[in-house]
Amino acid sequence: MAEPLLRVEKLVRRFGGIVATDHVSLDVAAGELHAIIGPNGAGKTTLISQLTGHLDPHSGSVTLAGRDITYLPAYRRCALGLARSFQITSLLLDFTAADNVALAAQAHAGTSFRFFANARKEKGLRDAAHAALDRVGLAHRADVVASKLSHGERRELELAVALASKPKLLLLDEPMAGLGVTESQRMVKLLQELRKEVSIVLVEHDMPAVFALADRISVLVYGRLIASGDPASIRANEDVKRAYLGDQHVVTHHG
Amino acid sequence: MKGLSVSKAVTALMLAGLVLLPLYSYLSGNIFILTLFTRIVILALAAASLNLIMGFGGMMSFGHAAYLGIGGYAVGMLAQEGVGSGFIQFPVALAASAVYALVIGALSLRTRGVYFIMITLAFAQMAYYVASGLARYGGDDGLTVYNRSDFSGLVNLSNRTQFYYLCLACLFGVIFLVWRIVNSRFGLVVQGLRSNEQRMQAIGFPAKRYQLACFVISGTMCGLAGALLANNTDFVSPAVMYWTRSGDLMVMVILGGMGTLFGPVMGAVVYLLLEEFLSQITEYWALIMGPLLLLIVLFGRGGIMGLLGRVGRG
């Protein structure tokens, strides 16, 4: 197998006596949509934070396209092609949708130590912003201030911002969180489109969505990876059923 | 919506007033008003520079008066040492302010929020005490500037009208620069950092170097105000750096409207005129000024510019 796009090896992160990430190893191949699931408190967000650089691991390593990024700050990882969306929407609320996206494009288009020319008149940046907004179906809301967008639209804008940096790998932290049924369906459709263009690591609670989208699924329980495989094998895995699904049988219901 | 909003109309009126003021002073023979407004214009420049980091950059510097002192002392000390040329004094004033801002900024920007306010205040107070200790340059008593900066006949700073227009040109120049900066790539990044630093880091911007650059630009601009102020009063003393002066500048920015282009000018004009007229009525003028400011801050969110904006819509 070719070198994986993202390789996580024996990652450990403790909080006091609690091991929130316990020797986690996983590979994400180029072109793959890799879902990470697990019950509340399993350490999903802790793991994601170490991938994005918001939290340093105590040991282990993270490699992106062959390059060790374990201790690189977040902004450097972004330059190497790692983009993220936040579990709790994080946008520039007093900027328009187009400005939010254009800034992400600007971060990857030469220096921002330009003091004189009007950045909102840079055609390259505006075009990139509108292309990304169009991609997520927000083109008609380009000039609306982010704080005036609906929750669903903000989730889509998060995606557009992540896309504008032309990432190799998208880390999506619960993109469906708080979405209604129709909005969720739109998001699943959108992710189905996006996965053709970019590798994705998806952390998500919405099981039908995960099983519909993922090539591979890793299951995290109490900080440890208890299973990793394609959706069918995860669905059949006894450990997963016992540890994670309990009595819900959500997975067995689906398909 | 009307083509000309109320806030734009009032701003235009104010700017026209500032431009025509020397004419009024000449016709009415009121020399005092020109002196008063020279001071207002200089402090408006200082407020505009503070607005760049405070209003647009979200960096609450409580030590901005330090640059007034640094710019002023650069002029005063050089004059005392026999260097009277403005072509040397002014660049030195700007460079000294920039270096001070670079050092203070690099240290202060490790902190955020209240700590940032306190540390910028602490550094300014240090500058105040250093100036008080400069025995050769007057120490506590300050330093008289016997000759205004000499620009070899290009502009005569001892001529009231010429000096006023020089200050006004500097103010307009600084506002023009701020306007260009806030709409530039750099300016959008700085404003993005004010809005959501975590998000900006995640899309690939290292926060500190942009904020530091902004801090230095702002400090340098304020150093210019300091150099002009020393020429205006023919005197510089540690008092211009005292923390209450930094507070005055903050009040001007908030009063006029943080993060607006002309808000700081409006704030400086209103604040200093109020101070002037109230202090003529009573020596307890601060008792009237305080509640007035409170009312504007409480009910006029966004300062005078915010109020005018709402009148325009209403």
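Helices (H or I, at least four residues) and strands (E, at least two) are DSSP runs, numbered from the N terminus. On that basis, chain A has 10 helices and 10 strands. This is a predicted model, in which local features need pLDDT of at least 70 and side-chain atom pairs count only at pLDDT 80 or more, while totals for chains, interfaces and linings use all residues. Residues are numbered from 1 along each chain as its sequence is written, and chains are lettered from A and ligands numbered from 1 in the order in which they are written.

**Overall form of chain A**

The radius of gyration is taken over C-alpha atoms, and the globule rule is 2.2 Å times the number of residues to the power 0.38. For chain A the radius of gyration is 19 Å, close to the 18 Å that the rule gives for 255 residues, so the chain is as compact as a globular protein of that length. Its C-alpha atoms fill a box of roughly 60 × 40 × 40 Å along the principal axes.

A residue is buried if 20 or more other C-beta atoms lie within 10 Å of its own, exposed if 12 or fewer, and partly exposed in between; the C-beta atoms are placed from the backbone. Buried residues make up 44% of the 255 in chain A. Two residues are in contact if their C-beta atoms, placed from the backbone, lie within 7 Å. Among chain A contacts between residues at least 6 apart in sequence, 65% join residues at least 24 apart.

**Domains and interfaces**

Domain bounds come from an automatic or database domain assignment. In chain A, this gives domain 1 (1-81 + 167-255) and domain 2 (94-166). Their centres, taken over C-alpha atoms, are 26 Å apart. The contact takes nine residues from each of domain 1 and domain 2 of chain A. Helix 6 (residues 181-194) of chain A gives the largest share of the domain 1 side, three residues.

Chains A and B also touch. Here the contact takes 28 residues from chain A and 19 from chain B. On the chain B side, helix 7 gives the most, with six residues.

The classes count Ala, Val, Leu, Ile, Met, Phe, Trp, Tyr, Cys and Pro as nonpolar, Asp, Glu, Lys and Arg as charged, and the others, Gly among them, as polar.

| Contact side | Nonpolar | Polar | Charged |
|---|---|---|---|
| Domain 1 of chain A, touching domain 2 of chain A | seven residues | one residue | one residue |

**The core**

A nonpolar core is a set of buried Ala, Val, Leu, Ile, Met, Phe, Trp, Tyr and Cys residues joined through C-beta atoms within 7 Å. The largest has 171 residues, and A:Val101, A:Ala160 and B:Ala44 have the most contacts inside it. Helix 2 (residues 31-56) of chain B gives the most to this core, 15 residues. Both domains of chain A contribute residues, so the core lies between them. Beyond its neighbours within four places in sequence, B:Ala44 contacts B:Leu171, B:Pro264, B:Val265, B:Ala268 and B:Val269.

**Two local sites**

Helix 1 (residues 44-52) of chain A has eight of its nine residues buried, so it is largely enclosed by the rest of the structure. Among the buried ones are A:Lys44 and A:Gln50. A:Gly53 follows this helix, with a positive phi near 95°.

A:Val201 sits in strand 8 (residues 199-203) of chain A. A:Val201 is buried, with 25 other C-beta atoms within 10 Å. Setting aside residues up to four places away in sequence, A:Val201 touches A:Val28, A:His34, A:Ile36, A:Leu169 and A:Leu171.
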